[in-house]
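Here is a short note for someone opening this model for the first time. Please have the structure on screen while reading the points below.

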Amino acid sequence: MMRTMQVLNSNGKNRTWDFISLVSIAIIISLLSCPCLSDPRITEASLYCGVGKPPANVSVVPTFVKEFEGLAQAINTSHWATHFDNTTNALLPMYGLAQCHQDLSNMDCLLCYAASRTRLPRCLPSVSARIYLDGCFLRYDNYSFYNESTDPVRDSYNCSSVTASLDGSITRSKFAAEVRFVIGNATMAATAANGTGFGVAAGEGVYALAQCWKTVSAEGCRACLDKASVEAKKCVPKKEGRSMNAGCYLRYSTDKFYNDEAEADNRKSSSRRKGIIIAIVLAVAAFLMLALFGAYAAYAKIVKIKAARRNLGLSSFSFHKSSVSFKYETLEKATDYFSPSTKIGQGGAGSVYKGTLPNGKTVAVKRLIYNTRQWVDEFFNEVNLISGMQHKNLVKLLGCSIEGPESLLVYEYVPNRSLDHFLFEKNKVQILNWKQKFNIIVGTAEGLAYLHGGSNLRIIHRDIKSSNVLLDENLTPKVADFGLVRCFGADKTHLSTGIAGTLGYMAPEYLVRGQLTEKADVYSYGVLVLEIVCGRRNCAFTQDSGSLLQTVWKLYKSDKLAEAVDPSTKGEIPAKEVAKVLQIGLLCTQASASFRPSMTEVVSMLTNKEKEIPAPNQPPFLNATALNPTSFTGSYSSQSLVSNSTPITRVEASYTSTEISSSNSSEGQTRI
């Protein structure tokens, strides 16, 4: 008997615990799985992406983000919402419409909207798109389409592949008659004088739902549903048929898919009964667990509490390699449900919010708005790669959430914002002295050196710039935004099929030929060094001297590097050290990658006063027509479905130097 108990304790604890838990869950699920329960109906019926693209040098992403933030706030209080945005970019107005079917509950409406919102970005950078789910509709366009009832080009219908099961009592002709009957009644209810643009109807084994958008007039609703009725009837004898028009949606099915008021009342009563039954089941299950595993349960509780404290309320999970998972609801509450007041940043892949976890820890939550394959890949890139990166000059990834309607990343919160706010804003956050700037230059170099070879992975950042260097309370730099990182084996040169990064920081061999090595990061770092010392963006041209690279090179050739220093720099400025740092910056921006030092060598040059600095050659100068500030605003990828700035295939980018000369036509596609 004792041996039996020992076997149970050593081998059967978890199995028995899991068995009882699974039985309890199964009972609860069986009680909850009643056909009368509501359903957000997120099956995708149709997705249409427009062919129109934004004007040259105009990004659709910021407008898209602003538009759907407005729609999200409005749909919270109503089953439908419209929103118009032309403040982000006057050249790209955007009109949006979200409409849930009237029979959905408020919660199901929000779930359906969230599902449609995560799928619609597949159409970017198109300036128009519409998606029909079985429970809701979502559309954006660059003109006011709210009164449109039909569209001869884009209206569509689809039929299920399964034919309706017809027994002896229901012939094909009778089934067709039933379909006509329920479609006619649903349409009549939706278009009645006192109607709301919504109607449902039931026949002998057939059900129908008709929904007009709230922005469509009564005449428009009638015209829309008349057309939809004709199209949907073409699906007979199929089991289901759907019509998706500009101003309405119509569906019939042999399964009852909608909710009516009677069912809503039944659900409330049923929910109360189920609540009592579930409470009893849970009490019995809890009693059994406590009776069988009292000591073990107490031990497990202690371990759980310790783990919760240690992991800041997180639970471990296996995700390619060990990582940390947050509950979506926890992060929603931490950011006050992604309130605009908690928003602290906006990137190409999504917004960043400041949040406070239940234990009081402040974090930064990156909300990825895209659900395309590329953006999902970037999400997994960040989790897989950064979770293993532990360095004082890298922003630490604390965890992620993949269980909600969108993917979320959780980082340590860095309070002092990004470096560009300290360098380029008219009302600077703080005026930096030379020692602080030098420490930022060295710390950033150390962080990149670690990425390139300080761990088991070889990581290339691809988007080093001032806005991707964050400063903590001690002004310690932390390299951030790894959404574009690439991981390669040692001593391999990568030929990219597309480029990603920020124009003005991109190495010539990467921009022109797609050749990607760590030396691409070295080039970007060199540009960043010159910006830090000079207090001027590389893309900001002066009337006489041209780009920052040209300016510093001319001063270097005339032995006047001290004149390049930002005049607002506080305190004493050591001319010799400044000249050394600028020379290293020029060395990092050599046109030929082979002439650039590695980041490890850069750290050595910066920290070893006795180390000799090689003389740089003339850096490449990017044509002003490509670097003009009006031509771009941020990062981009030529493979991306979305863009924060000018796609490289549309930019005239000419490099000139003694070592490289190449140009990309603005009229043709770049071939890499």
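**Notes on a helix pair and a pocket**

1. Start with two helices. Helix 10 (residues 434-453) packs with helix 14 (residues 575-588) at an angle of about 30 degrees. Their axes lie 12 Å apart. Angles under 35 degrees count as roughly parallel, so helix 10 is roughly parallel to helix 14. Keep in mind that this is a predicted model.

2. Next, the handedness and the residues involved. Helix 10 and helix 14 cross in a left-handed sense. On the helix 10 side, the contact is made by Trp 434, Phe 438 and Ile 441. Helix 14 contributes Glu 577, Val 578 and Val 581.

3. What classes of residue make up the contact of helix 10 with helix 14? Five are nonpolar and one is charged. No polar residue takes part in this contact.

4. Now turn to the second largest pocket. Its volume is about 760 Å³. The lining has 28 residues. Closest to the pocket centre are Ala 72, Asn 76, Arg 117, Glu 332 and Arg 367.

5. Which element gives the largest share of the lining of the second largest pocket? Helix 2 does, with seven residues. Helix 2 (61-75), helix 3 (106-119), helix 7 (328-334) and strand 14 (350-356) each supply at least two lining residues.

6. Finally, the make-up of that lining. In the second largest pocket, 18 lining residues are nonpolar. Six are charged and four are polar. Among the residues closest to the centre, look at Arg 117, Glu 332 and Arg 367.

Note on methods:
Residues numbered from 1 in each chain as written. Predicted model: local features only at pLDDT ≥ 70, side-chain atom pairs only at ≥ 80, totals over all residues. Heavy atoms only, no water. Axes fitted to C-alpha atoms, helices over the stretch in contact; angles between N-to-C directions. Helix = DSSP H or I, 4+ residues; strand = E, 2+ residues; numbered from the N terminus. Parallel < 35°, antiparallel > 145°, perpendicular 65-115°, else oblique. Left-handed = near helix turned anticlockwise from the far one by under 90°. Contact = heavy atoms within 4.5 Å. Nonpolar A, V, L, I, M, F, W, Y, C, P; charged D, E, K, R; others polar. 1 Å grid on protein atoms, 1.4 Å probe; cavity = no way out; pocket = protein on both sides within 12 Å on 5 of 7 lines; lining within 4 Å. Points joined across faces, edges and corners; volume = space filled by probe spheres on them.
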